[in-house]
Amino acid sequence: MSAAGPPLSNSPTKITLAGLGAMGGMIAALLARGGAAVSGLTRGATLEAIRSRGLVLDFKGERHETKIVVDDDPAALGVQDAVIIAVKEPALAGLAPSLAPLIGPETVIVTAMNGLSWWFFHGHGDRRIACLDPQGAIEAALPARQTVGAVLHLWATALGPGHINAGPGDRVILGSPGVLDYSALAAAFEAGGFRVQCSDDIRAEVWSKLLGNLSGNPISAVTGATLDRILSPEGTLDVARALMAETTAVGRAIGIEPLISLDARIELGRSLGAFKTSMLQDFENGKPPEIDALLTCVSEIGAAKGVPTPLIDAMRALVMLRAETAGLF
């Protein structure tokens, strides 16, 4: 495990999770188990549940009950060594400015989110992805030079407020789009029981995971099908493969070669079985789906580079219409 760059003056032992849903709750519980000083920014029923009985995680056949500091006011938590953002993309624009009390000049900002993020082109032309941060408000609140991308190969679901059921996955890929040192953060993840890989090209890792997310999520949102049926020859395998092919072409136009073949990515998805994608779960739970981070951004980049994305555009239109009809867009 290694990370490049000058050392930070403080090891990132004070870590706040912004969002304590399924994934944020799992990460918070395991980091706390590993010895980090973990706090959580949350609200409503989740805030009250964790304050009263702690954060409950069922993981690998064991139940972990952890007391962490939680609040709905970032100022009550103070400046952190690391802030891990574990909310869905539609919530980030409203959340980002409120995180200022947590972030000092050496705070590591970690995105534990699906799809692309506002920092994606930092150090690579510094192009703004308009659909994700149209006015630059997120970048102003969360400087890209302080960011670390996290690609999560985890599975978790919330059984109730502050009660997380996690699957067997424990692999986390971390990487900085710049030269930020994040080795102490990686060590905190390892201490919590995660299998950590530090990547010299986090953009390629993010794009490789996007291949699966961009293909499976919109198809599931439109059809209601689980991943095993989506990737079945009797289902929509050809559609999923075509979506991956368009995504690969856009990636190559910005210098990103796939780290995994389409066949291998399909087999990885099939290995999850009757899995409900995050977008399908969002629709079922009445939450806004992550359209821009998974679909619009790829269309936008493709248009800028002259790479056509007709199927991605069509799937985006279908998912947007469904979201509008459901009152979620």
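Reader: Quick one to start: is arginine 127 buried or exposed, or something in between?

Author: Arginine 127 counts as partly exposed, at 29% relative accessibility. Buried means under 20% relative accessible area and exposed over 50%, with partly exposed in between (1.4 Å probe, protein chains only). Bear in mind that this is a predicted model, where local features need pLDDT of at least 70, side-chain atom pairs count only at pLDDT 80 or more, and totals for chains, interfaces and linings use all residues. Residues are numbered from 1 along each chain as its sequence is written, and side-chain values use heavy atoms, with hydrogens and water left out.

Reader: Ok, and what does glutamate 300 form with arginine 127?

Author: A salt bridge, with the closest N and O atoms 3.8 Å apart. The term means a side-chain nitrogen of Lys or Arg within 4 Å of a carboxyl oxygen of Asp or Glu. Glutamate 300 sits in helix H11 and arginine 127 in the loop between S7 and helix H4, 173 residues apart. Helices (H or I, at least four residues) and strands (E, at least two) are DSSP runs, numbered from the N terminus. Glutamate 300 is buried at 18%.

Reader: How many salt bridges by that rule?

Author: The count comes to 10. Another of them joins aspartate 71 and arginine 51, at 3.5 Å from N to O. Aspartate 71 is in strand S5 and arginine 51 in helix H2, 20 residues apart. Aspartate 71 is buried at 15% relative accessibility, while arginine 51 is partly exposed at 44%.

Reader: Switching to the sheet, what's the strand order?

Author: Eight strands run S5-S2-S1-S6-S7-S8-S11-S12 in an open sheet with mixed pairing. Two strands pair if DSSP finds at least two bridges between them. S5 and S12 are at the edges with a single partner strand each, so one side of each has no neighbour in the sheet.

Reader: In which sense do S11 and S12 pair?

Author: Parallel, over four bridges. Arginine 195 in S12 is the bridge partner of arginine 171.

Reader: Which residue forms a salt bridge with arginine 195?

Author: Aspartate 170, with the closest N and O atoms 2.8 Å apart. Aspartate 170 lies in the loop between S10 and S11 and arginine 195 in S12, so the pair ties together parts 25 residues apart in sequence. Salt bridges with shared partners also join Lys60, Asp170 and Arg195 into one network. Aspartate 170 is buried, at 9% relative accessible area.
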